[in-house]
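Please read them with the structure open.

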Amino acid sequence: MSDESQGVSRRALIQAIGSAPGLAAATAAAASAQNAGKPAYRRKVFDAHQWHTVEVLCDLILPADERSVSATKAGVPEFIDDWLDFRKREDGDDMLESQILGGLSWLDQEANRQFGKDFGVASPGQQKQLLDRIAWPEKAAPEDRHRVAFFNRFRDLTVSGFFSSEAGVADLPYLGNKVVAYWKGCDPAVWAVIEKRLGGG
């Protein structure tokens, strides 16, 4: 994806970060359990092949940098899997799950059609070529609108999972639980870090 296509607005980030508040603890717990050598996370929605694709896609959206680990290392695939399962049980339907699984399937179909291999094992350049089609709504072809919606939702979940994880919170210059005389508004430094992590700065 180009630098422009990876950037998201502050409004979108607010919506993304606030879209799944209930699973931050579960995400951190899953990551901590793995780090402590406890039993590995048990998938609820994704099969093994889908899981690999999710890991690859999460890390394309939020790769490791000099400040922090990648989305996968932060436990984002676990977060997304938990969130899909939770929404299905909470809402009584599987619309979100179907959208995500359908989008993952489309990535494989297109990668195989164009490159003769699944998305998860395609080259970085090939993966970028496919994602450039759907990562920026204003530039996408009308026939790709459903895939654009999938990628927007997946990116929102990735951002939500990362910045509610232990690693993601540590990545922000956030000084919480401090007494202040008055509220000055959101620290611009916080937004600068988020935008840089998403390739927009």
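Which residues are linked in a network of salt bridges? The points below start there; note that the model is predicted.

1. The network. Glu-110, Arg-113, Arg-133 and Asp-144 are the residues linked by salt bridges into a network. The structure as a whole holds 8 salt bridges. Side chains of opposite charge can pair when their charged atoms come close.

2. Glu-110 with Arg-133. These two side chains form a salt bridge, with 2.7 Å from N to O. Glu-110 belongs to helix H6 (residues 95–115) and Arg-133 to helix H7 (residues 124–134), so the bridge ties together parts that are 23 residues apart in sequence. Glu-110 is buried, at a relative accessible area of 10%, whereas Arg-133 is partly exposed at 29%. The two residues are assigned to separate classes because buried means under 20% relative accessible area.

3. Asp-144 with Arg-133. The side chain of Arg-133 also meets that of Asp-144 in a salt bridge, at 2.8 Å from N to O. This pair links distant parts of the chain, 11 residues apart: Asp-144 sits in the loop between H7 and helix H8 (145–163), and Arg-133 in helix H7. Asp-144 is buried, with 7% relative accessible area.

4. Asp-132 and Lys-128 form a salt bridge through their side chains, with an N to O distance of 2.9 Å. Both residues lie in helix H7, 4 residues apart, which is about one turn of the helix. Is Asp-132 buried or partly exposed? Asp-132 is partly exposed, with a relative accessible area of 30%. Lys-128 is also counted as partly exposed, at 36% relative accessibility.

5. Packing of H6 and H7. Two packed helices are described by the angle between their axes and the distance between the axes. For H6 and H7 the angle is about 125° and the axes are 11 Å apart. The two helices are therefore oblique to each other, and H6 passes H7 in a right-handed crossing. On the H6 side the contact is made by Trp-106, Leu-107, Glu-110, Ala-111, Arg-113, Gln-114 and Phe-115. On the H7 side the residues are Gln-126, Gln-129, Leu-130, Leu-131, Arg-133 and Ile-134.

6. Packing of H4 and H6. How do the axes of helix H4 and H6 cross, and at roughly what angle? The axes of helix H4 (residues 48–61) and H6 come within 11 Å and cross at roughly 85°. That makes H4 roughly perpendicular to H6. The residues that meet are His-49, Gln-50, Thr-53, Val-54 and Leu-57 in H4, with Leu-101, Leu-104, Leu-107 and Asp-108 in H6.

7. Aromatic pairs. The structure has 5 aromatic pairs. One of them is Phe-162 with Phe-163: the ring centres are 4.9 Å apart and the planes stand at 85°, so the pair is edge-to-face. The step to that label needs one cut-off, because planes over 60 degrees apart count as edge-to-face. Phe-162 is buried at 0% relative accessibility, and Phe-163 is buried at 6%. Elsewhere, Tyr-41, Phe-46 and Trp-51 form one aromatic cluster.

Note on methods: Residues numbered from 1 in each chain as written. Predicted model: local features only at pLDDT ≥ 70, side-chain atom pairs only at ≥ 80, totals over all residues. Heavy atoms only, no water. Phe/Tyr/Trp six-rings, centres within 6.5 Å; stacked < 30°, edge-to-face > 60°. Buried < 20%, exposed > 50% of the residue type's maximum accessible area, 1.4 Å probe, protein only. Salt bridge = Lys/Arg side-chain N within 4 Å of Asp/Glu carboxyl O. Axes fitted to C-alpha atoms, helices over the stretch in contact; angles between N-to-C directions. Parallel < 35°, antiparallel > 145°, perpendicular 65-115°, else oblique. Left-handed = near helix turned anticlockwise from the far one by under 90°. Contact = heavy atoms within 4.5 Å.
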